[in-house]
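Dear colleague,

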Amino acid sequence: MNRRNLLKSAALLPFLPASDGLITPASAVRKRSIRFAYLGDTHITPDSKPMESVAKCFHHAQNHADKPAFILHGGDVIMDALAKDRDDVQKQWDAWNGIVKANNSLPIEYCIGNHDIWGFENAKSEPMYGKKWAVDQMKISGRYRSFDKNGWHFIILDSVQPKPDGKWYTGYIDPEQMDWLKADLAKTGSKTPILVMSHIPIFSPTGFFSETNVKEGNWTIPAALVLSNTPELIKLFYQYPNVKAALSGHMHLLDRVDYNGVTYLCNGAVSGNWWKSDVYQQTKAGYALIDLYDDGSIERTYLSYM
Ligand SMILES: [Zn+2]
């Protein structure tokens with residue numbers, strides 16, 4: 001079609017309202033900055049189903065002609081450490097390390113999930129108690145951190161805060177980490193697009209998936225499903241228009257929310273229904289390919305690896 005015909009056919013298009021600022025059209029000349037694979041909620045155990053399935057998922061993620069540059073693990077690497085004894089937790093980490101060694105050649109960046117935290121009551125005096133064991137296994141510099149890749153700034157948050165009794169947890173960004181986050185955002189160049197990762201979602205409608213969250217006719221969504229300081233985070237992100245994406249796992253469900261220019265993506269689970277079946281609610285077991293572009297846009301493709 002030549003330019004004249006193009007203009008003619010454009011004139012025949014229905015009236016399009018001017019941009020209201022809610023939708024940012026993708027730039028026609030954008031260039032991809034990086035592609036990575038998001039794998040989360042792998043919940044590995046030494047049993048054959050999780051071992052074979054996670055191996056399959058790693059191969060699927062690495063066998064694309066357009067290969068991801070690295071893997072971002074959104075947390076819940078192992079089935080559960082929270083209330084388990086040392087031997088049990090060690091077996092789970094050994095299973096994970098064995099699978100990675102045999103089936104993966106990509107670098108992995110990790111985010112801590114609730115099931116990665118060792119909260120066994122009798123282990124309180126152990127040096128590896130709490131998040132230390134996970135930080136050690138994941139070979140990360142600390143429970144939260146940030147780094148740069150191909151023009152994007154990645155902020156990995158620690159969204160899981162065990163309750164004092166050590167038996168359960170809740171979701172929020174603690175004051176020390178919030179101060180660090182504010183400083184990290186402030187020192188990142190205003191033209192550098194930012195991706196935030198938290199295991200528990202910052203902003204996700206998946207909290208509405210269960211009838212059990214309705215009590216006496218009211219929604220009562222626990223902070224263990226959506227962070228209790230989400231309002232503060234939304235206000236903070238609003239001050240930084242270069243915060244473009246916020247990824248989460250935890251819910252084992254797939255969603256997308258676009259709010260104030262931030263794309264919030266909850267990214268399903270490799271384990272589906274914690275290996276009990278390949279689908280949880282309406283979301284199939286899977287992982288995502290994430291493409292980040294130099295104009296700050298993001299695209300996600302969720303894939304079944306079965
Ligand atoms: Zn999980």
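What percentage of the 306 residues of the chain count as buried? The share is 53%, where buried means under 20% relative accessible area, exposed means over 50%, and partly exposed lies in between (1.4 Å probe, protein chains only).

This is a predicted model, in which local features need pLDDT of at least 70 and side-chain atom pairs count only at pLDDT 80 or more, while totals for chains, interfaces and linings use all residues. Residues are numbered from 1 along each chain as its sequence is written, and side-chain values use heavy atoms, with hydrogens and water left out.

The chain contains 6 helices and 17 strands (DSSP runs, numbered from the N terminus: H or I of at least four residues for helices, E of at least two for strands). Of the contacts (heavy atoms within 4.5 Å) with a separation of 6 or more, 70% are between residues 24 or more positions apart.

Two sites may be of interest. Thr206 lies in the loop between β8 (194–197) and β9 (214–215). Thr206 counts as buried because its relative accessible area is 7%. Beyond neighbours within four places in sequence, Thr206 is in contact with Met251, Leu253 and Asp255.

Trp219, by comparison, belongs to strand β10 (residues 218–219) and counts as partly exposed because its relative accessibility is 45%.

With kind regards
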